[in-house]
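This briefing describes one protein model for a reader new to structural analysis. Please view the sequence and the structure below before reading on.

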Amino acid sequence: IAEAIHKLHRANLTTERTHTMADELRILRECMEKVSVSRPELASRVSRLMTACERLGASVPEPQPCGIHRDFYPAQVIVDDARLWLIDFDLFCLGDPGLDAGNFLGHVTEQALREHGNAGALRDVEKALEDKYFELHGEQVRAAVLTYTILTLARHIYLSRQFPERAHTTVDLLRLCERRLGIA
């Protein structure tokens with residue numbers, strides 16, 4: 001999967017659309033506002049989380065933009081024996097390649113928490129993707145990948161409110177994000 005997304009990032013595809021860290025934080029802010037309304041007892045924690053996410057996002061070095069999927073997670077990959085197919089390119093744009101890897105990792109962590117009750121249950125999958133991705137892209141993308149992973153997990157707090165079968169993860173996702181951001 002790391003090789004497939006790396007191949008996309010190196011394909012030099014063009015598009016008029018762009019997506020920046022500012023765009024990502026704006027979307028997250030809108031999501032967090034909705035969480036605060038639907039779960040007012042969490043509003044102060046969600047506000048602190050958003051502030052920490054904005055601080056973290058501001059710390060990421062300016063990327064060398066390339067064509068990114070922008071909605072990359074396990075359901076966007078079809079495995080056919082040794083061949084992988086990446087699907088659903090409706091959000092394709094120029095942006096930080098770390099977003100794709102971070103989004104994928106955040107989805108894996110959320111899935112582990114939702115399905116196994118343990119955010120680390122699929123850590124071996126995450127580690128394999130990280131190791132190969134950093135080998136291919138270089139260590140300079142590590143900060144962006146880790147940041148986008150946390151931003152994805154934070155967005156999943158909102159998504160947990162949208163799907164009844166995920167509602168049991170809301171507080172656990174918030175707690176996980178707080179721990180990763182050092183604001184627990």
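Cys-31 counts as buried, at 8% relative accessibility; buried means under 20% relative accessible area, exposed over 50% and partly exposed in between, with a 1.4 Å probe and protein chains only. The model is predicted, so local features need pLDDT of at least 70 and side-chain atom pairs count only at pLDDT 80 or more, while totals for chains, interfaces and linings use all residues. Residues are numbered from 1 along each chain as its sequence is written, and side-chain values use heavy atoms, with hydrogens and water left out.

**Cysteines**

- A search of the whole structure finds 0 disulfides, a disulfide being a pair of cysteine sulfur atoms within 2.5 Å.
- The closest cysteine sulfur to that of Cys-31 belongs to Cys-53 and lies 11 Å away, which is too far for a bond.
- Cys-66 is likewise in no disulfide, and the nearest cysteine sulfur, in Cys-93, is 9.4 Å away.
- Cys-66 is buried, with a relative accessible area of 10%.

**Secondary structure**

- The protein chain has 7 helices and 4 strands; helices (H or I, at least four residues) and strands (E, at least two) are DSSP runs, numbered from the N terminus.
- Their order along the sequence is α-α-α-β-β-β-β-α-α-α-α.

**Nonpolar cores**

- A nonpolar core is a set of buried Ala, Val, Leu, Ile, Met, Phe, Trp, Tyr and Cys residues joined through side-chain atoms within 4.5 Å.
- The largest core has 32 residues, and those touching the most other members are Leu-28, Met-32, Leu-49, Cys-53, Leu-151 and Ile-157.
- Two or more residues of this core come from each of α2 (21-38), α3 (43-58), β1 (66-68), α4 (97-116), α6 (142-162) and α7 (170-181).
- The element that gives the most to this core is α6, with 8 residues.
- Leaving aside neighbours within four places in sequence, Leu-151 is in contact (heavy atoms within 4.5 Å) with Met-21, Glu-24, Leu-25, Leu-28 and Cys-53.
- A second, separate core has 19 residues, among them Ala-2, Ile-5, Leu-105 and Leu-122.

**Overall fold**

- The protein chain has a radius of gyration of 16 Å, which agrees with the value near 16 Å for a compact globule of 184 residues; the radius is taken over C-alpha atoms, and the globule rule is 2.2 Å times the number of residues to the power 0.38.
- The C-alpha trace spans about 45 × 35 × 30 Å along its principal axes.
- Of the 184 residues in the protein chain, 47% are buried.
- Among contacts with a separation of 6 or more, 75% join residues 24 or more positions apart.
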